[in-house]
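Okay, thanks for coming, everyone.

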Amino acid sequence: MTKPPLLEVNELKVHFYTERGRITAVDGISFHVHAGEIVGVVGESGCGKSVTSQAILRLLDEKDTVEYDGKILFEGTDLLQLPEAGMQKIRGNEISMIFQDPLSSLNPVFSIGSQIAESLMLHQQISKKAAFEKAVELLRMTGIPAPEKRVHEYPHQLSGGMRQRAMIAMTLACQPKLLIADEPTTALDVTIQAQILDLMLELNREQGMGMIFITHDLGVVAELCSRVVVMYLGQIVEEADVDTLFAQPRHPYTKGLMKSIPQMDSDRSQKLHVIEGMVPTLDNIPAGCRFAPRCPYADSMCHERPPAYEEHAAGHKVRCWHAEKIAQEEEERSYVS
Amino acid sequence: MDALGSNAKRLELSQVKQTLKKEQRRLQQRRFLSNTLMLTGNIIIVLITAFALVGPYLVSYDPYEMDPVKRLQPPGAEHLLGTDNFGRDLLTRIVYGARVSIGVGFSVALISAAAGMVIGLYSGYYRALDQVLMRICDGLMAIPGILLAIALVAALGPMTENVIIALGIVFIPYVARIVRSATLVVREETYIEAMKAQGASATRIIWMHIAPNTLSPLVVQATFIFADAIITEAALSFLGAGVPTPDPSWGNILYDGKLVIFKAWWMTVFPGILIILTVMGLNFAGDGIRDMVDPHSSLSFKRKKKK
Amino acid sequence: QTGQNEGAQPPGQGQTQPEPAKEPQAVSGGELKIAYQAQPPTLDPHVTTSQASATIGRNVFETLVTSDSKYHVQPMLAESWEQSEDGTTITFRLRQGVRFHNGKEMTADDVAASMNRWIQISSAGKDHFTGAVFEVKDAQTAVLTLKQPTATAMAILAYGGGNYPAIMPKELIDQADPKGVKEYVGTGPFQFKEWKQDQQIHLTKYADYQARSEAADGLAGKREARVDDIYFIFTPDSSTQVAGLLSGEFDIAADVSYDSVQQLESNPEIKVDVAPTGMLNLYFNKKKGLFANEKARQAIAAGIDAESILIAAYTQEKYYELNHNMMMYYQIGQWSSENGRESYNQNNPEKAKQLLGEAGYKGEEVVIMTSRDYEDMYNGAVAFQQQLKNLGVKSKLEVYDWPTFTELRNDESKFDILVITNTPKPEPSSLAFMRKDFPGWTDSPELDELLVKFRGAPNLEKAMSVYDDIQKWFYEYVPVVKIGDGNSISSSQKSVEGMTWLDGLILWNVSNAK
Amino acid sequence: MSHEAMESRKPLLDVRGLKKYFPVKGPLGPLGGVKSYVKAVNDVSFQLHAGETLGIVGESGCGKSTMGRTILRLTDPTAGQAFYGDEDIFQLSGKELQKIRRDMQMVFQDPFSSLNPRKRIGQILEEPLAIHSIGDTKERTERVMEMMHKVGLQVDHYFRYPHEFSGGQRQRIGLARALVVNPQIVISDEPVSALDVSIQSQIINLLQELQAEYRLTYLFIAHDISVVRHISDRIGVMYLGQMVEQAPTESLFANPLHPYTQALLSAVPIPNPQRKKEQIILRGEIPSPMNPPSGCIFHTRCPHAMDVCKQEAPSQIEAASRHMVSCHLYTKP
Amino acid sequence: MNLYLVKRILALIPVLFVVSVVIFLIIHITPGDPASVILGESATAQDVEALRQQLGLDLPMYQQYMNWILDVLRGDLGESYFMKESVSEAIFSHLQPTLSLAILAQIIALLIAIPLGITAALRRGTAADQTVMGFSLLGMAIPSFLLALFLILLVGVKLQWLPVAGYKPLEAGLWTHLKYLILPAVSLGAIQSALITRMTRSSMLEVLNMNYMKAARSKGVKDRQLIYKHALRNAFLPILTVIGQTFGGLVTGAVVTETIFNIPGIGQLIINSVERRDYEVIQGVVLFVTCAYVFINLIVDILYGVIDPRVRLERK
Ligand SMILES: Nc1ncnc2c1ncn2[C@@H]1O[C@H](COP(=O)(O)OP(=O)(O)OP(=O)(O)O)[C@@H](O)[C@H]1O
Ligand SMILES: Nc1ncnc2c1ncn2[C@@H]1O[C@H](COP(=O)(O)OP(=O)(O)OP(=O)(O)O)[C@@H](O)[C@H]1O
Ligand SMILES: [Mg+2]
Ligand SMILES: [Mg+2]
């Protein structure tokens with residue numbers, strides 16, 4: 001891959017000022033997204049997935065409470081240096097975002113048609129009428145039946161799946177180059193989730209846009225993404241292409257995570273693997289490796305010094321002192337089986 | 001487990017309890033102290049309550065002792081805040097008036113909170129009762145409060161107790177509504193269902209599980225009513241239907257003051273300031289409690305320091 | 001044409017000589033805006049005893065006879081009157097050419113209808129004229145036939161305060177219901193224009209008014225509307241009255257509070273007038289409780305310091321008068337007696353305590369009742385309660401609004417002492433405490449006797465000799481304790497000229513050069 | 001224990017023809033009368049044997065929770081019977097019901113709202129004992145401490161408030177509350193849905209350990225099929241208030257019969273990028289339970305829908321050993 | 001929606017019934033009656049009793065209530081004992097001042113409160129926010145009669161900018177009309193404005209935290225539009241509720257304000273009628289005010305539907 005990436009996040013840090021003092025919700029993460037590629041971001045609740053995604057669009061409340069560090073390069077320009085007006089041109093136009101909960105992310109007092117049309121009118125000089133026509137088109141594209149009727153309906157009149165489709169139509173309105181989807185299917189049922197994922201894959205193939213797909217469901221990642229970033233407590237602990245990651249996870253957290261979910265083909269009589277302990281809170285971050293307190297491999301070094309985030313194989317980056325050891329173990333295991 | 005063992009365990013338990021309680025108290029304290037609103041409010045309230053409780057022992061005049069010759073003297077060395085239209089020492093009357101006004105406010109808050117809580121809890125819990133009780137509350141609320149109070153005081157007779165009862169009745173529906181809506185929310189919470197699943201009786205659920213959860217909105221509302229009752233009593237006095245004279249209340253001092261407003265500003269200004277202060281203090285406290293209770297607003301962010 | 005009022009003439013007063021009007025050539029036209037405390041229930045004076053009704057209504061309605069500033073009876077609609085020797089008939093000759101505001105000429109029919117209604121329904125009429133009746137003799141003559149000679153008759157007919165005997169057209173009298181006449185049509189210098197409820201009453205000049213020619217004196221004599229419009233603007237709040245006066249919104253504030261005087265006086269555009277308003281009395285409940293005992297009543301009379309109560313009620317010396325007479329201080333020329341002077345304002349707590357002991361007082365709580373609707377009553381009551389404490393009497397002060405007060409005071413179990421101000425009365429037997437049925441319930445055979453003698457006298461002059469005895473009785477029986485006489489304060493812009501006072505503001509002959 | 005042995009014994013809980021309709025009132029409220037019904041649970045029957053785990057899966061709103069709540073008489077059923085031993089739970093009066101409630105406990109989905117925020121953990125856990133008047137204060141405390149230990153809580157948690165705990169810990173508390181009275185049956189309504197992936201496995205293991213130790217019987221409701229598969233002996237699949245398929249776990253996964261079950265299983269994303277499988281993407285949305293489709297409730301989305309499906313509701317048949325299904329594909333060959 | 005309206009209106013019946021009973025009872029057990037007031041200061045008990053009989057005040061209470069309520073149902077609020085008007089006329093003639101006053105107070109309150117509330121919300125935690133909140137607390141703490149007195153002293157008497165009291169109808173000219181109403185409206189609107197400011201702020205804050213605000217920003221919506229289009233419309237619902245609910249406060253406040261500023265409105269009518277024990281008027285006016293209160297809240301509900309489509313449909 002010689003082409004420069006569409007988006008390159010470089011040592012991004014996000015700090016919040018709270019009553020408990022300054023907390024760093026995202027602590028130095030770096031990754032990139034190429035055009036046409038779907039990058040999955042996984043990790044437990046509170047590990048900073050949403051903060052990262054919102055930092056890219058600078059949606060966090062910048063006035064009072066948030067402070068950024070690092071670089072977010074979008075087609076070469078650093079978004080963090082852009083003035084607010086410049087950001088407004090990019091949002092919705094070049095980069096758009098789908099949120100987790102489709103009901104609360106749609107404004108309840110406007111019809112979905114006008115919300116889709118708003119995007120269009122903001123970024124493309126078209127009339128209201130034309131915008132509405134295009135909105136109908138977009139709704140049809142996302143597979144909503146009778147879109148002419150639906151454009152005039154309000155969010156609460158639609159079912160969850162349809163709302164999420166409307167949301168997707170909205171984000172696709174200006175054909176953005178990058179789409180960020182923050183847990184777009186978590187609130188939906190499996191059969192509906194399958195419909196939405198199917199739709200997103202199709203769109204990705206047709207329009208070739210870059211996509212960041214945030215989720216905590218490894219299954220979804222496996223089905224959708226080409227590359228995966230694993231986050232833990234504000235940091236990226238591992239990054240690899242999807243096959244490598246699932247076949248040879250090198251970080252104990254990734255490994256534990258994969259083993260702890262019940263698999264459709266696993267042996268039911270076996271106990272589930274357990275990652276002991278709980279995720280520490282942000283104001284109480286362990287001194288050494290952040291995963292050390294829960295890690296079966298942890299030794300004194302892990303508790304004292306934070307490991308670096310290093311590339312261990314081509315395109316496979318890990319943040320662990322014992323990455324090599326784990327890699328060997330995995331290899332042995334795969335020989336055995 | 002032998003007796004010794006269980007004793008030791010209990011000892012350990014109580015120790016744990018001690019340390020934990022201490023820790024929780026410390027946390028609470030820190031939260032309390034960092035809540036400047038509430039702190040300011042409470043300081044004001046404590047000061048004014050102290051003023052009302054201790055004040056009478058400090059002032060050297062009798063609140064009823066008149067001296068017609070010395071009527072309407074401006075503030076000065078002899079009478080710190082001047083005298084009123086009967087030549088009574090204004091400071092003394094304000095101090096005693098504080099007792100009455102704060103007493104009225106407090107009693108009204110207490111009565112309406114108690115009655116409102118019972119009504120609110122039961123009508124929130126039992127649908128059928130709800131229809132009847134809430135219609136009555138709606139009716140009472142639809143009648144402008146001060147009118148209802150005037151009419152009630154007129155009907156019951158001008159006595160401080162009656163003023164309290166009248167204001168209590170005026171404010172009960174407000175408490176009842178708040179408690180009811182809290183009850184309606186809590187009632188649907190899973191932990192109430194869990195209690196039902198355990199076989200808990202309705203009384204037990206209402207009083208042991210729902211009531212504590214309605215307490216904080218209740219307390220918030222009660223502080224506001226406390227404040228409102230002081231103002232309303234003053235307004236009633238102002239319309240001649242409040243605490244009967246010659247007992248001093250801030251309201252009726254103001255009423256007397258209004259008659260001589262062109263001549264004796266001190267009779268309006270001093271009790272006026274005290275009313276404003278007290279009401280503000282109570283509002284501060286109420287807002288403070290609300291902030292403490294509401295997890296959303298308690299995350300009051302400090303401004304980012306400029307680098 | 002002089003009032004032919006033999007017999008009713010007080011000593012020392014000759015007939016009023018016709019004097020040419022000698023007032024300065026005053027401006028006319030313009031308007032008067034009067035801030036007035038209370039809205040009257042009605043302007044029909046037969047129905048109500050309200051003072052507000054009188055002050056406003058008597059600009060519209062006139063009476064047969066009226067009072068001058070010394071309470072001497074003077075003619076008004078009557079040209080003259082004659083009382084028969086036995087004192088049981090009085091013949092009124094009416095003035096000619098007097099027209100009601102509706103254009104109709106006033107005749108004896110109207111007078112008889114009005115006066116008979118007044119006798120039947122008004123409190124004053126029922127009290128003093130039981131069984132009396134007016135008859136039409138001819139168009140210009142009406143005859144009043146009394147059951148028995150009544151010395152006070154003319155004085156009461158001339159009274160211009162609450163419940164005054166107004167003359168109205170017969171048709172309106174016939175249509176009236178218990179709440180009053182349906183239209184206000186009189187013969188006065190002003191006619192009724194509009195009543196915006198709770199806002200204002202608007203009177204306008206009556207162009208065809210037939211004034212008398214005598215000089216104006218009190219309510220008597222020449223009446224002239226010197227302004228085109230009078231607005232009585234109901235302003236219950238006295239500080240608003242003052243503020244309105246200061247800002248030029250009002251021309252006259254009818255009853256300002258004593259404590260705003262300083263403020264008003266300091267304004268060069270404003271003047272302040274003082275007028276007698278009534279007597280401050282303590283009414284004892286003589287039916288029940290401690291004060292059924294004469295000794296107890298005397299004790300209170302002995303113990304109080306009238307002066308400091310008066311200061312509390314009226315704030316300054318110039319707003320009250322210490323006066324031991326039952327009647328007002330300005331009536332002394334007519335009604336005065338040295339009896340009781342030494343019993344008035346004794347300020348002798350020792351004596352009081354002793355008398356209380358004799359009366360068997362054991363420290364029970366005495367209920368004082370008053371109303372806050374009248375500043376002087378309320379303030380006086382507060383001061384009085386304080387004094388009771390000094391006499392060792394435990395007391396409780398109950399303050400009500402006026403309607404509650406008027407109801408509760410009829411219940412003998414509700415109070416021991418009432419603090420009330422009484423409006424001035426033309427003659428002593430009209431005083432409220434003389435009545436058996438008035439709260440306090442005076443029940444004294446001696447008084448009954450005295451009253452028979454007083455009222456039975458053929459004329460007021462004769463009756464006056466009884467006054468000394470009544471005054472003596474007053475200080476022995478102590479139906480009420482008289483504290484003193486009070487004045488009220490009205491205030492006006494300097495541009496307002498010619499305003500006088502008798503049982504209320506007098507607004508004719510008043511000009512406003514604004 | 002073999003399935004056959006289980007079958008021969010009397011079931012612990014026998015639910016027959018359970019129906020729960022919620023009346024939908026018009027805008028006039030009680031005045032306007034009932035407009036229609038939400039058929040939340042529509043004729044569901046199943047048996048629960050001592051010591052087994054019956055998993056219930058289905059999409060949101062298909063009536064899983066309502067079924068659980070109705071069995072516990074937290075709402076009154078519209079029709080049906082539920083035998084616990086010889087007694088029909090739905091016919092019991094207050095006193096008898098209270099006794100039964102000791103034997104049947106519930107664990108709730110939402111660990112945040114199922115604990116009273118104003119009570120200390122100790123109080124919360126002792127409450128069931130107090131309600132059933134078990135033991136004196138001392139004994140209750142001891143019992144609670146023991147239970148806390150069992151579910152992996154520490155002594156000092158006794159005096160803490162719920163908000164001081166993480167979701168996983170709260171779910172442990174919920175479990176402890178259910179188990180402290182020694183129940184027979186535990187109905188768990190999506191006990192792990194709200195939890196993080198790494199915590200979820202802790203709770204599932206705990207549930208299994210406790211089941212083994214106390215010989216508990218679970219009715220395990222969830223929408224996550226892989227979880228249900230892991231924990232259940234038998235699985236019931238619900239769709240729109242009805243139980244469309246019911247089978248032992250292995251049998252269900254090896255051979256899903258109902259088209260809905262097939263779609264459901266295929267829609268579950270598999271965390272293995274190597275194994276791209278053929279997905280059955282269902283068309284359309286789940287119909288509203290207020291007016292469920294006529295005939296077979298699934299026909300609106302069924303890829304195999306036939307004419308008969310629109311008209312006639314299929315009856316339940318035993319397609320394989322203990323494998324029940326309601327589908328015309330198997331009744332009309 | 002129509003059915004919903006019908007339901008709302010049906011729900012009023014019990015409320016009004018309760019109000020009528022409560023008011024009737026309280027008024028009639030209060031000592032003093034219209035008869036003694038009509039007859040004046042020195043009337044005797046017998047006279048009063050006679051008039052009571054003529055006015056029908058000696059009937060048993062329930063009978064008086066029945067008579068009254070049946071008349072009311074026939075649309076007849078009765079006759080004033082005291083004024084030469086029917087109760088409906090009295091209400092009508094006193095309504096205009098109160099209406100003008102209330103509307104002006106509400107306008108002043110809204111003009112001040114909404115911009116301030118939005119500013120405070122947007123600058124949460126800053127000095128501006130604290131100042132606004134401080135003032136609004138002061139506004140809630142200062143009794144309206146005190147404010148009225150201070151205003152009279154300062155603006156009316158000292159500066160003589162505006163008349164201190166009285167009322168001029170609209171026919172006297174718009175400025176004259178307003179001139180007399182400004183001070184009372186300010187003193188009446190202060191607390192209103194304080195309440196609305198607080199509500200605007202908190203409801204704005206709430207809306208600003210909503211996901212859809214973030215979603216709107218993620219579309220590239222500009223700041224102004226974000227606040228005035230997306231946020232305010234959502235935030236307006238609770239504000240509207242406060243406006244509806246504080247209407248009751250407005251009438252209560254009007255009782256005091258109208259007394260001080262001598263405005264012949266409903267408030268004064270009530271006070272005066274209580275003083276005169278003009279039963280029919282008190283009952284009629286309170287019933288009327290209650291209806292108005294309920295009616296305004298009905299309108300608020302309807303406005304809710306206009307603003308928020310979720311309300312337009314049937315509720316659960
Ligand atoms: N505005 C904020 N102020 C302070 N802390 C915040 C703020 N927003 C997020 N955080 C903190 O940042 C951390 C990361 O939050 P984030 O929302 O990114 O988690 P997440 O990975 O998206 O989790 P989930 O899967 O639950 O959505 C959390 O600990 C959260 O408490
Ligand atoms: N109290 C109620 N009144 C009216 N309808 C109800 C009530 N409770 C549940 N319902 C309806 O019954 C249906 C089934 O609800 P239920 O909660 O049992 O579904 P569920 O399968 O548990 O869904 P989830 O997976 O979302 O928890 C739903 O359509 C719901 O709207
Ligand atoms: Mg997130
Ligand atoms: Mg459920």
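By contact I mean heavy atoms within 4.5 Å. Chain C and chain D don't touch either, with their nearest C-alpha atoms 43 Å apart.

Quick housekeeping. This is a predicted model, where local features need pLDDT of at least 70 and side-chain atom pairs count only at pLDDT 80 or more, while totals for chains, interfaces and linings use all residues. Residues are numbered from 1 along each chain as its sequence is written, chains are lettered from A and ligands numbered from 1 in the order in which they are written, and side-chain values use heavy atoms, with hydrogens and water left out.

Now, which chains share the most contacts? Of the 8 pairs of chains in contact, that's A and D. There, 46 residues of chain D are in contact with 43 residues of chain A. About 3800 Å² gets buried between them, with 55% coming from carbon and sulfur atoms; buried area here is the accessible area (1.4 Å probe) that two parts lose on being put together, summed over both.

How many salt bridges cross that interface? The rule finds 1, taking a side-chain nitrogen of Lys or Arg within 4 Å of a carboxyl oxygen of Asp or Glu. Between Lys271(A) and Glu209(D), the side chains meet in a salt bridge at 2.3 Å, N to O. On chain D's side, the elements giving two or more residues are helices H7 (197-214), H8 (225-231), H9 (249-254) and H10 (259-267) of chain D. Helices here are DSSP runs (H or I, at least four residues), numbered from the N terminus. H7(D) gives the most, 9 residues.

Okay, over to the second largest pocket, which holds about 730 Å³ of space. On a 1 Å grid over the protein atoms alone, where a 1.4 Å probe fits, a pocket is an open set with protein on both sides within 12 Å along at least five of seven lines, and lining residues have an atom within 4 Å of a point. The volume is the space filled by probe spheres set on the points, which are joined across faces, edges and corners. It has 24 lining residues, and closest to the centre are Phe246(A), Met258(A), Lys259(A), Gln263(A) and Arg333(A). Helices H9 (242-247), H10 (252-260) and H12 (323-336) of chain A each give two or more residues to that lining, and H12(A) has the largest share, 4 residues.
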